[in-house]
Amino acid sequence: MTTINANPFPYHFDIDHIALICIDMQRDFCLPGGFAQSLGNDIKNIAPCIPVIAELQTAFRKAGLPIIHTKECHKPDLSDLPTAKRNRGNPKTKIGDAGPMGRILIDGEEGSDFIPENAPVDMELVIPKPGKDAFYNTILNDYLMARKITNLVITGVTTEVCVQTTMRCANDRGYDCLLIEDGTDSYFPDFKAMTLKALVAQGGIVGWTCKSDVVLKLLASL
Ligand code: TIU
């Protein structure tokens, strides 16, 4: 067992049963002309976590530990896109419409692919997901159970939407989740701050948080 300092109390894990999850580091959320901007978001607010996630990915790769990448996207025929999701907020450009990076949030299009800084390498698992929860309608739970992974180090965007939703759903499935405070961002910095607080309140009701340097230091010492 290994222990690191975290909020609200130390986080224990077995290095053979841990994985890094990188949530939705896609052009549609990070670059101009994507899904996030179509909803009216300021994409510059999520830039700080990009180099932090890249550093964690490098460290996990060096340590030979698994990395899982999720991407929020829909099938080209929109069969997995609820009408309510397509119409929500009445955006000018809806999911499935043509945008500057191909069709918005559609699997296989340029916009739904990963930003180069955080892209998967070699055989790292990529989970396309139609919802905010990375377990909904995906093979994620089967994959983790088959590999006996019990501890998830969580990064990605956005803190209070796909990251929080996935962490809550992982927690309900029995995973011990550690969210990296500087490895996640929101278009709304105050939502990020409140989410970090809410997840660890009540004795870590959803899990733990810590800064990336704590995990990087540990991985460097292996
Ligand atoms: N809009 C927003 O903040 N997020 C999403 O739609 N998806 C993710 O968080 N990935």
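1. In this predicted model, Asp107 counts as partly exposed because its relative accessibility is 29%, a value between the 20% and 50% cut-offs.

2. The partner of Asp107 is Lys71: the two form a salt bridge in which the closest N and O atoms are 2.7 Å apart. Lys71 belongs to strand β4 (residues 67-72), whereas Asp107 sits in the loop between β6 (102-103) and β7, so this pair ties together parts that are 36 residues apart in sequence. Lys71, at 12% relative accessibility, counts as buried.

3. How many salt bridges does a search of the whole structure find? The search returns eight.

4. Because Lys129 is in strand β7 (residues 125-129) and Asp24 is in the loop between β3 (18-23) and α1 (27-30), the pair ties together parts that are 105 residues apart in sequence. Are these two residues buried or exposed? Lys129 and Asp24 are both buried.

5. Asp185 and Lys192 also form a salt bridge, and their closest N and O atoms are 3.4 Å apart. Each of these two residues, Asp185 and Lys192, is buried.

6. Which residues are linked in a network of salt bridges? Such a network connects Glu72, Lys85 and Lys132.

Methods:
Residues are numbered from 1 along each chain as its sequence is written. This is a predicted model: local features need pLDDT of at least 70, side-chain atom pairs count only at pLDDT 80 or more; totals for chains, interfaces and linings use all residues. Side-chain values use heavy atoms; hydrogens and water are left out. A salt bridge is a side-chain nitrogen of Lys or Arg within 4 Å of a carboxyl oxygen of Asp or Glu. Helices (H or I, at least four residues) and strands (E, at least two) are DSSP runs, numbered from the N terminus. Buried means under 20% relative accessible area, exposed over 50%, partly exposed in between (1.4 Å probe, protein chains only).
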